[in-house]
Amino acid sequence: MRIELTVNGERAEADVWEGESLLFALRESLALPGSKNACEQGECGSCSVLLDGELVCSCLVLAAQADGHEVVTVEGLGAGDELHPVQQAFVETGAVQCGFCTPGLIVATAALLERSPEPSDYEIREALSGNLCRCTGYAKIFDAVRLAARR
Ligand code: FES
Ligand code: FES
């Protein structure tokens, strides 16, 4: 089946099969490999994107469900060559090691700061509880979120 959607502000079309995930369509059909495929079970958050402004695991959303909707991926957060403030904060605080979890964490953090510009530590923990990182121990990630919030 053919789907039409808006991805990072631009109209996009893709041929997908009925059971195909949005994550697969983004990566394989729409040339957007920023969203990572780790568990494909909704456990790790590495595939996080915004669907009509809501944070979702794109591995759990059918591509067909995104037909006619708006998707923002990590590639769409910055403005041209300019990093999004959350991306910049992750770089500056050393919150990126292998980087596999980073796109999902950045999308989740951007969504958090959009709805709560000055989050408490509890809110940060709650908001990022669906995003797993096996490298950093989370301290630097929290530093990045706090830095982005201050800005
Ligand atoms: S790949 Fe989607 S939650 Fe892990
Ligand atoms: S930086 Fe490696 S999994 Fe998070």
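Colleague: Where is the place of P103?

Modeller: P103 has its place in helix 3, where a helix is a DSSP run of H or I with at least four residues, a strand is a run of E with at least two, and both are numbered from the N terminus. Before we go on, please keep in mind that this is a predicted model, in which local features need pLDDT of at least 70 and side-chain atom pairs count only at pLDDT 80 or more, while totals for chains, interfaces and linings use all residues. Residues are numbered from 1 along each chain as its sequence is written, chains are lettered from A and ligands numbered from 1 in the order in which they are written, and side-chain values use heavy atoms, with hydrogens and water left out.

Colleague: Why does P103 count as buried?

Modeller: Buried means under 20% relative accessible area, exposed means over 50%, and partly exposed is what lies in between, with a 1.4 Å probe and protein chains only. P103 has 11% relative accessibility, and therefore it counts as buried.

Colleague: With which residues is P103 in contact, leaving aside its neighbours within four places in sequence?

Modeller: Contact means heavy atoms within 4.5 Å, and on that rule P103 is in contact with G34, K36 and V74, once its neighbours within four places in sequence are left aside.

Colleague: Why is S58 called buried?

Modeller: The relative accessibility of S58 is 0%, and so S58 counts as buried. S58 sits in the loop between strand 4 (54–57) and strand 5 (70–72), and, with its neighbours within four places in sequence set aside, S58 is in contact with S21, L22, L23, L26, C47 and V49. Among these, L22, L23 and L26 are also listed, together with A25, as the buried residues of helix 1 (residues 22–29). The cover over the buried residues of helix 1 includes strand 1 (2–7), strand 3 (48–51) and strand 5.

Colleague: What makes E40 partly exposed?

Modeller: E40 has a relative accessible area of 48%, and therefore it is partly exposed. E40 belongs to the loop between helix 1 and strand 3, and although E40 is not a glycine, its phi is positive, about 60°. Most residues other than glycine have a negative phi. D52, in the loop between strand 3 and strand 4, likewise has a positive phi, near 50°, and its 43% relative accessibility is why D52 counts as partly exposed.

Colleague: Why is helix 2 called oblique to helix 5?

Modeller: Axes are lines fitted to C-alpha atoms, for helices over the stretch in contact, and the angles run from 0 to 180 degrees between N-to-C directions. Helix 2 (residues 85–93) and helix 5 (residues 139–150) pack at about 135°, with their axes 8 Å apart. That angle makes helix 2 oblique to helix 5, because angles under 35 degrees count as roughly parallel, over 145 as roughly antiparallel, 65 to 115 as roughly perpendicular, and the rest as oblique. Helix 2 and helix 3 pack at about 125°, with axes 9 Å apart, and are therefore oblique to each other.

Colleague: Is the crossing of helix 2 and helix 5 left-handed or right-handed?

Modeller: The crossing of helix 2 and helix 5 is right-handed: a crossing is right-handed if the near helix is turned clockwise from the far one by less than a right angle, and left-handed if anticlockwise.

Colleague: Why is I141 counted as buried?

Modeller: I141, which lies in helix 5, has 0% relative accessibility, and so it counts as buried. Leaving aside its neighbours within four places in sequence, I141 is in contact with F90, A95, L105, L128, C133 and T136.

Colleague: Which residues touch the most other members of the largest nonpolar core?

Modeller: A nonpolar core is a set of buried Ala, Val, Leu, Ile, Met, Phe, Trp, Tyr and Cys residues joined through side-chain atoms within 4.5 Å. The largest such core has 27 residues, of which L77, V86, F90, L128 and I141 touch the most other members. Helix 2, helix 3 (102–115), helix 4 (121–127) and helix 5 are the elements that give two or more residues to this core, and helix 3 gives the most, with eight. Apart from this core lies another, of 18 residues, among them I3, L5, A12 and L51. In soluble globular proteins, nonpolar side chains tend to be buried together.
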